[in-house]
Amino acid sequence: MALTDDQMERYSRHIILKEVGAKGQKKLLDAKVLVIGAGGLGSPAAMYLAAAGVGTIGIADADEVDLSNLQRQIIHGTADLGKAKVKSAKETINAMNPDVTVHTYRQFVTSENILELIQDYDFIIDGTDNFPAKFLINDACVMAKKPFSHAGIIRFKGQLMTYVPGEGPCYRCIFKNPPPKDAVPTCKQAGVIGAMGGVIGSLQAMEAIKYILGVGKLLTGYLLTYDAIEQEFHKVKLPSHTENCAVCGDHPTITELIDYEQEVCTDGLK
Amino acid sequence: MQIIVAGNKKEVQDGLKLTELFVQEEVETPEYVTVSINEEFVPSERVKDTVLQEGDNVEFLYFMGGGSNGTDR
């Protein structure tokens, strides 16, 4: 389907780019991206994807909007307090861009639901705050051969990397197992500067958009880290082949999805 | 000798152990930090015995959460 006059105008700053054009804009309108976690990372990620005209955006989150979220979770406003985050996020996106179809999933991701959740999407954005979810998303994306963007933020620091099936390491290649509960600080305990979600979540949206367009270099095989205090980005090159990775290696030992939280609570998994 | 830590050149004593570098660099919870040297991960069981060489390119990869709840139960 050809772009409408309104779409030609709305996306004119995209269409004028030689890397995008009308053809690339149509790719974005046809694309489906799932954002898991409508929080500090998922807010800017989903909003930039929506503004860019990514035609189908899924939002998965079971939480409600809390007052302490609003310092960084910019897809939600004061009037949304107590509302389901997925509902609040959908309303914001609908107000931004009528071209976007929003699917909401008011649930936490688990080994039971994640494969079904991700199956219809072209790219997945991990905007979750905890390691059981991050490992679950990684393993599910490796198993289902789905590209995804990992990111994390804490204090004045952030990091992200992109996994593309068959190209470079996965999250578990770097971090073999989740840390025991409370072994490493969380945002709730340690704090996070609100704009960090904006920096890193926007970079996640950028990765998704570039993947959809097939333009430029992705953060596959690299972990990009950002230190706001030093005001420095640093791109860490990762080993290219990780034949012994438990999930994406040559002889995977993890062949079923794991819900880590209980294990961490019961026996302090290392 | 000179090594590179997180992209920055550093002058360190010859024969510096990786565990000593953790202290110098004030690495938080080193047992949960993945280390790469010259773009190869150091297996956790080898961290204790790893001695750095001239020119080594050392990176510390930290666990970072953040974002929103995905599986909080």
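The contact takes 42 residues from chain A and 22 residues from chain B, where two residues touch if their C-beta atoms, placed from the backbone, lie within 7 Å. On the side of chain A that touches chain B, 23 residues are nonpolar, 13 polar and six charged; Ala, Val, Leu, Ile, Met, Phe, Trp, Tyr, Cys and Pro count as nonpolar, Asp, Glu, Lys and Arg as charged, and the others, Gly among them, as polar.

This is a predicted model, in which local features need pLDDT of at least 70, side-chain atom pairs count only at pLDDT 80 or more, and totals for chains, interfaces and linings use all residues. Residues are numbered from 1 along each chain as its sequence is written, while chains are lettered from A and ligands numbered from 1 in the order in which they are written.

In chain A, eight strands form an open, mixed sheet in the order S3-S2-S1-S4-S5-S6-S7-S8. Helices (H or I, at least four residues) and strands (E, at least two) are DSSP runs, numbered from the N terminus, and two strands pair if DSSP finds at least two bridges between them. The edge strands of chain A, S3 (101-105) and S8 (232-237), each pair on one side only. Strand S2 (residues 56-60) of chain A runs parallel to S3(A), joined by five bridges; Ile57(A) has Val102(A) as its bridge partner in S3(A).

Ile193(A) sits in the loop between helix H9 (187-190) and H10 of chain A. Leaving out residues up to four places away in sequence, Ile193(A) touches Phe156(A) and Ala228(A).
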